[in-house]
Amino acid sequence: MYKVKKSKIHNYGVYATKNIVKSTKIIEYIGEKISKKEGDRRSARRIKEHLDSKVDGSVYIFELDNKYDIDGSPKYNKARYINHSCSPNCEVEIKQGKIWIKSIKKIKKNEELSYDYGYSFDKDDFRDHPCKCGSNKCIGFIISSNEWEKYLKYLSKIIKK
Ligand SMILES: [Zn+2]
């Protein structure tokens with residue numbers, strides 16, 4: 001149903017290899033199940049390594065529930081290659097201890113899969129995550145669509161200054 005290949009958005013991406021109907025569970029986000037505490041520790045370490053070396057800044061720690069995280073950094077986790085988009089065709093569904101990437105609309109063969117990474121807006125570091133999704137709704141940075149209003153308010157405040 002999908003394959004990993006070079007992406008126009010960022011590095012690698014995941015592409016549909018056939019037409020996919022709406023509400024299809026496409027890929028499970030898999031990895032090591034770890035405690036929240038361990039998840040926070042690994043996230044902090046990876047962010048620090050990234051700041052020190054300016055290499056791949058991806059953290060791949062996914063919140064499973066209020067007790068556990070999934071560390072999706074192993075290469076066998078193909079879902080880690082899915083890019084963020086401001087106009088995504090998939091969403092994340094967490095059910096019974098599993099994280100699924102599910103289609104929210106019809107997806108055509110060869111289309112790139114994407115979902116909203118759900119990043120909250122932070123005025124100090126949003127610039128670290130530019131978005132190149134190419135959608136005509138693209139807001140320019142990887143910010144959850146739930147937080148766009150905050151971002152736009154921030155912009156209008158700056159313009160007034
Ligand atoms: Zn975008």
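This tour moves through the structure by selecting a few residues at a time. The model is predicted.

**First stop: helix H1**

Select residues 36-53, which form helix H1. Within this helix, display the side chains of Glu38 and Arg41. They meet in a salt bridge, with 2.3 Å from N to O. Why can these two side chains be looked for on neighbouring turns? Glu38 and Arg41 are 3 residues apart in helix H1, so about one helical turn separates them.

Is Glu38 buried or exposed? Glu38 has a relative accessible area of 17%, and it counts as buried because the cut-off for that word is under 20%. Arg42 is likewise buried, at 12% relative accessibility.

**Second stop: from helix H1 to strand S6**

Now select Arg46 and Asp71. Their side chains meet in a salt bridge of 2.8 Å, N to O. Arg46 belongs to helix H1 and Asp71 to strand S6 (residues 68-71), so this contact ties together parts that are 25 residues apart in sequence. Both residues are buried.

For the model as a whole, the count is 11 salt bridges.

Which residues supply them? The donors are the SG atoms of Cys86, Cys131, Cys133 and Cys138, at 2.3 to 2.4 Å from the ion. The angles among the 4 donor atoms run from 104 to 114°, and the site is tetrahedral. Along the sequence, the spacing of the donor residues is C-x44-C-x1-C-x4-C.

Look next at Cys86 and Cys133. Cys86 lies in the loop between strand S7 (83-84) and strand S8 (90-95), while Cys133 lies in the loop between strand S10 (114-115) and helix H2 (148-160); the pair therefore ties together parts that are 47 residues apart in sequence. Cys86 and Cys133 are both buried.

The model holds 11 aromatic pairs. For one of them, select Tyr12 and Tyr81, an edge-to-face pair with 6.2 Å between centres and 75° between the planes. It links distant parts of the chain, 69 residues apart: Tyr12 is in strand S2 (residues 12-16), and Tyr81 is in the loop between S6 and S7. Tyr12 is partly exposed at 40% relative accessibility, whereas Tyr81 is buried at 16%.

Proceed to Phe121 and Tyr154. This aromatic pair is tilted, with 5.4 Å from centre to centre and 55° between the planes. Phe121 sits in the loop between S10 and H2, and Tyr154 sits in helix H2, 33 residues apart. Phe121 is buried at 15% relative accessibility, and Tyr154 is buried at 16%.

**Last stop: charges over rings**

Select Lys5 and Tyr15. Lys5 lies over the face of Tyr15, 4.5 Å from the ring centre. Finally, select Arg80 and Tyr60, where the charged end of Arg80 sits over the Tyr60 ring at 4.4 Å from its centre.

Note on methods. Residues numbered from 1 in each chain as written. Predicted model: local features only at pLDDT ≥ 70, side-chain atom pairs only at ≥ 80, totals over all residues. Heavy atoms only, no water. Salt bridge = Lys/Arg side-chain N within 4 Å of Asp/Glu carboxyl O. Helix = DSSP H or I, 4+ residues; strand = E, 2+ residues; numbered from the N terminus. Buried < 20%, exposed > 50% of the residue type's maximum accessible area, 1.4 Å probe, protein only. Donors = N, O, S within 2.8 Å, 3.2 Å for Na, K, Ca; no water. Tetrahedral: all angles 85-135°; square planar, octahedral: opposite > 155°, others 65-115°. Phe/Tyr/Trp six-rings, centres within 6.5 Å; stacked < 30°, edge-to-face > 60°. Lys NZ or Arg CZ within 6 Å of the ring centre and 35° of its normal.
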